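Hi everyone, thanks for coming.

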Amino acid sequence: MTEKIIILSDGRARAPAIPAALEPATGELRDRLARPLHDLRISITDRCNFRCVYCMPKEVFDKDYQYLPHASLLTFEEITRLARQFVAHGVEKIRLTGGEPLLRKNIEKLIGMLAELRTVHGKPLDLTLTTNGSLLARKAQALRDAGLNRVTVSLDAMDDAVFRAMNDVDFAVADVLRGIDAAHAAGLGPIKVNMVVKAGSNDQEILPMARYFKGTPHILRFIEYMDVGASNGWNMQEVIPSAEIVRRIGAEMPLVPVDPNYTGETAARWRYGDGSGEIGVISSVTQAFCQDCTRARLSTEGKLYTCLFATRGHDLRALLREGRSDAELSAAIGAVWQGRADRYSELRTTDTEGLPRAGERKVEMSYIGG
């Protein structure tokens with residue numbers, strides 16, 4: 001990379017307008033493409049102890065990188081208050097992300113607070129968390145005790161040398177596997193294991209990963225290397241299409257397609273023909289699924305994003321800290337979602353080099369959460 005890009009926060013975000021008429025939430029919110037609001041992903045820290053080459057490369061996120069000051073982060077009370085408004089609009093699943101969310105001090109307290117929320121149908125939330133696994137072995141039981149339902153663990157290779165090169169902090173595969181075992185023992189399942197596939201870096205690990213997790217209760221998912229943010233030097237030549245991933249695995253271990261669990265599920269599901277488990281492929285580059293996207297994202301400092309590939313957010317923290325009521329917060333969130341028309345991946349399919357437009361820059365995955 002020739003340019004060092006340092007993104008401290010999204011300074012372009014502005015507080016969303018509060019509608020004059022404060023319509024109460026009905027749980028049936030729809031955007032301009034008739035997509036409901038079903039999932040909320042909350043980034044609770046911009047810090048991570050890995051330097052993965054596709055997310056927080058060391059040449060950008062080095063020792064001089066300035067993370068957000070603690071006062072800028074949403075408090076647990078603020079996160080819970082906002083989450084309550086999203087749930088009233090129809091959210092049934094909340095995923096905690098980062099950075100590495102287990103670096104956030106006392107995360108168990110936040111999980112306990114969120115676990116008390118109920119959907120519009122009176123049911124507990126599906127409360128999940130994505131982690132690199134580095135702290136999972138020591139925290140798994142406490143997370144479960146606090147009310148967490150499931151975890152998704154990132155693991156990009158079975159070969160130790162390849163994985164250490166991918167995470168760029170010399171972290172071992174065995175330590176991630178210990179975390180997965182601890183999460184399984186604590187009841188945080190079914191566990192999903194995410195592998196980001198980058199051509200020339202770890203695509204030779206597709207089959208070893210499939211062989212290792214075949215026959216286990218865990219669900220392995222392969223993610224196409226995505227053009228999130230600007231710091232990872234993404235180019236299309238480093239993308240292995242999910243169809244090719246399925247072909248490689250299926251040639252050795254026959255696969256059968258499986259229907260999605262629900263509308264808007266990001267991963268296309270495949271099961272092994274011999275009944276020994278399933279895999280998923282997330283094809284956000286080659287097979288856009290924008291038409292079914294039901295996800296909103298809340299950044300570490302309270303910016304609402306309606307797309308993973310967004311160029312700007314909506315500052316909900318500003319509304320919180322200027323003393324707006326729950327009714328005003330709810331109406332503002334509803335108005336943002338009703339105005340949503342994002343379909344970046346669909347547009348990218350026909351204009352790979354032209355998005356985002358000149359003068360705009362996508363937010364980083366480490367800031368918005370995966």
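This is a predicted model: local features need pLDDT of at least 70, side-chain atom pairs count only at pLDDT 80 or more; totals for chains, interfaces and linings use all residues.

Let's find Cys48. Look at the loop that runs between strand S1, residues 39-43, and helix H1, residues 76-88: Cys48 sits in there. Cys55 belongs to the loop between S1 and H1 as well.

Now, is Cys48 buried or exposed? Its relative accessibility comes out at 16%, and the cut-off for buried is under 20%, so Cys48 counts as buried. For Cys55 the value is 16% too, so Cys55 is also classed as buried.

And what is Cys48 in contact with? If we skip the neighbours within four places in sequence, Cys48 is in contact with Met56, Tyr67, Gly99, Glu100, Leu103 and Asn132.

Let's move on to the helices. Helix H2 covers residues 107-115 and helix H3 covers residues 136-146; they pack with their axes 8 Å apart, at an angle of about 25°. Angles under 35 degrees count as roughly parallel, so that is what we call H2 and H3. The crossing of H2 past H3 is right-handed.

Which residues meet there? From H2 we have Ile107, Glu108, Ile111, Gly112 and Ala115, and from H3 they meet Lys139, Ala142, Leu143 and Ala146. Sorted by class, this contact of H2 with H3 holds six nonpolar residues, one polar and two charged.

Conventions:
Residues are numbered from 1 along each chain as its sequence is written. Side-chain values use heavy atoms; hydrogens and water are left out. Helices (H or I, at least four residues) and strands (E, at least two) are DSSP runs, numbered from the N terminus. Buried means under 20% relative accessible area, exposed over 50%, partly exposed in between (1.4 Å probe, protein chains only). Contact means heavy atoms within 4.5 Å. Axes are lines fitted to C-alpha atoms, for helices over the stretch in contact, and angles run from 0 to 180 degrees between N-to-C directions. Angles under 35 degrees count as roughly parallel, over 145 as roughly antiparallel, 65 to 115 as roughly perpendicular and the rest as oblique. A crossing is left-handed if the near helix is turned anticlockwise from the far one by less than a right angle, and right-handed if clockwise. Ala, Val, Leu, Ile, Met, Phe, Trp, Tyr, Cys and Pro count as nonpolar, Asp, Glu, Lys and Arg as charged, and the others, Gly among them, as polar.
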